[in-house]
Amino acid sequence: MREFELIRRFFDRGPARKAVLGIGDDCALVDAGEATLAVSTDMLVEGRHFFADMDPASLGHKALAVNLSDLAAMGAEPLGFTLAMALPRADQAWLQAFSQGLFALADRSGCELVGGDTTQGPLNLSLTVFGRLPRGVALRRDGAQPGDDLWVSGELGGAAHAVRRRYAAMAAAQGLDGRTLAGPDGGVSAQALRTGFPADVPALALARLERPEPRLALGMALRHLASSAIDLSDGLLGDLGHLCERSRCGAQLRVERVPLCPGLEGLDARERLSLALTGGDDYELCFTAAPENRPRIRRIGQELGLALTVVGQIDAGDRISLVDEDDRPVAFEGRAHEHFA
Ligand code: ADP
Ligand code: MG
């Protein structure tokens, strides 16, 4: 059973009764009087979401960043977060660096640590973030309309490229399962870990993997302009699929317009396409907006110094069609990342 089927079958009990919005979006929305509260939880597991030798300051940053990214996708303003962690041991140097990376992002995002839980166990970081929105303005996955432009922020594929290159290097050092960070025995051997990231991985791609930037200012700026939004954690094709499913629409994706992380131009065309469409871990925003909002959205991109690109259109169909600049269909086999897949 795949991840989303599992959630649907055992945990999704239909439309939320007390919440404004329950399971199925980047955040849950809860009515809190004047405002709406946006809540999201994301867990990072060693060997699954990050390599065991990841620099602890970057890990602190990333653990919060992936959670803040869900607030960004709803257009919410961060308020606070809780931190539940299982740690194999109380390593003070590690904790010092981890907390420094965590709080550097927390402070500049206006997101305060307000509680949590600490236990001994295999390294696991589970954060819950809380954000705020004026009532009725949240960017949800279900608001896309046929005729809307389809946008993405930033550039895609860098994080996935770094991970893929490292797998390849590790597999060369020792036979390892290519899909997860763990080997067949559930752990990555010290020898395989020492292999590290190959020297030819562009620094920018590595930075995208280890220091993703949650697009909070963009999300908030899009509140009255975008019709729907989702953050890109599992790859554009899969995440756009969730958006289309929730909005009951289709999309035409102009694959050549999908902006790719600088430094990846030299890869072969198939690999570039695969990174652009199924490379996960980018934490950029994918959103839709009426074409008349284009000038205002472009201005937001300029103000934020962030690339915002129209990569296609929403249509009334029920599938995502991939096309080139001459409207010819583009063949693509790959799939988005799913746990248990
Ligand atoms: P995201 O990538 O935005 O964090 P996910 O793809 O992880 O979202 O999850 C999809 C939806 O399923 C979200 O609304 C999430 O809150 C919900 N979800 C995931 N796991 C569970 C669970 N065990 N119980 C209830 N809801 C869950
Ligand atoms: Mg999300």
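How do the residues of the shell around ligand 1 divide into nonpolar, polar and charged?

Analyst: This is a predicted model, where local features need pLDDT of at least 70, side-chain atom pairs count only at pLDDT 80 or more, and totals for chains, interfaces and linings use all residues. Residues are numbered from 1 along each chain as written, chains are lettered from A and ligands numbered from 1 in written order, and side-chain values use heavy atoms, without hydrogens or water.

The shell holds four nonpolar, two polar and five charged residues. Here Ala, Val, Leu, Ile, Met, Phe, Trp, Tyr, Cys and Pro count as nonpolar, Asp, Glu, Lys and Arg as charged, and the others, Gly among them, as polar. Around ligand 1 sit Phe4, Ile7, Phe11, Ile23, Gly24, Asp25, Asp26, Asp42, Asp70, Arg141 and Ser233. Each has a heavy atom within 4 Å of the ligand.

Now the polar contacts, which are pairs of N or O atoms within 3.5 Å. Within protein, one atom must be able to donate a hydrogen and the other to accept it, and residues adjacent in sequence count only if both atoms are side-chain atoms. A backbone N or O atom of glycine 24 is 2.7 Å from an oxygen atom of ligand 1. For aspartate 25, a backbone N or O atom lies 2.8 Å from a ligand 1 oxygen. Arginine 141 uses a polar side-chain atom, 3.2 Å from an oxygen atom of ligand 1. On its own, ligand 1 has 560 Å² of accessible area, and the protein covers 66% of that. Such areas come from the Shrake-Rupley method with a 1.4 Å probe; for residues, only the protein chains shown count as cover.
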